[in-house]
Amino acid sequence: MNIDEMQAVWQQMDKDLKKQKKITNTLVMKMTQERYKNKFGKLATYETIGALVCFVAAIVIVFNFSKLNTWYLALCGVLLTVYFVTLPALVLKYLYAIKAINIDVASYAVTLKKYLKAKNKLLLVQQLGIYLNFVALLLVIPVFSKLFKNKDVFITPNTTWFWLVPVLVVLLLVVSKWGYNCYVKITSSAENLLKELE
């Protein structure tokens, strides 16, 4: 084998290695994209179900709005309806935005910047949701008491509420903290997955 033949063999091997490297990189990117989307898949399912429940509750309030026959019950009904529509819509918007980030289209820096921006928005909405959940808890009681039992809790307070509200507040605090920590864990895990690509 002469030098020209050896050079040709080496050049062919170099081309094959580069081609193999490109295929491997493509496969790694596709697998990483799939793992990235799966991180948010289950979360998106739970949030979609929760949003549907909230939308149904808002529809119930709207269709029975005439039963809220005082100004303060009507105000509670309007605020609760806005909460049941707006918060789940915002959560789904930012959750699907973060899930839709395509990691193999842009450069690593651009993808990470886009991800961090979407992550911060999603976590901000979750933090806002934690505080609004407590307000919603206080609105749910008078609205649904009037809609389903025809009782105005402001006029005829029930002693049950004096122990039930604190229990619900503690329960809501525990569930909200747990849910937020799940979001932080999932978004951090996805961020680490993206950092592995560097």
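This is a short tour of a predicted model, going from the whole chain to single residues.

**Whole chain.** Show the protein as a cartoon and look along its principal axes: the C-alpha atoms fill a box of roughly 105 × 30 × 20 Å. Colour by secondary structure next. The protein has four helices and zero strands, so the order from the N terminus reads α-α-α-α.

**Surface and contacts.** Switch to a surface view. Of the 198 residues, 32% are buried. Among contacts with a separation of 6 or more, 82% join residues 24 or more positions apart.

**Charges.** Colour the charged side chains. There are 24 positive and 11 negative ones, and the centres of the two sets lie 16 Å apart.

**The salt bridge.** Select K119 and E191. The structure holds one salt bridge, and it is formed by the side chains of K119 and E191, at 2.7 Å from N to O. The pair links distant parts of the chain, with K119 in helix α3 and E191 in helix α4, 72 residues apart. Both K119 and E191 are buried.

**The α3–α4 loop.** Now select N150, in the loop between α3 (108-149) and α4 (160-195). Check the backbone here: N150 has a positive phi of about 55° although it is not a glycine. Is N150 buried or exposed? With a relative accessible area of 57%, N150 counts as exposed, because the cut-off is over 50%.

Key. Residues numbered from 1 in each chain as written. Predicted model: local features only at pLDDT ≥ 70, side-chain atom pairs only at ≥ 80, totals over all residues. Heavy atoms only, no water. Helix = DSSP H or I, 4+ residues; strand = E, 2+ residues; numbered from the N terminus. Buried < 20%, exposed > 50% of the residue type's maximum accessible area, 1.4 Å probe, protein only. Salt bridge = Lys/Arg side-chain N within 4 Å of Asp/Glu carboxyl O. Contact = heavy atoms within 4.5 Å. Lys, Arg positive; Asp, Glu negative; His and termini not counted. Charge placed at Lys NZ, Arg CZ, Asp CG, Glu CD.
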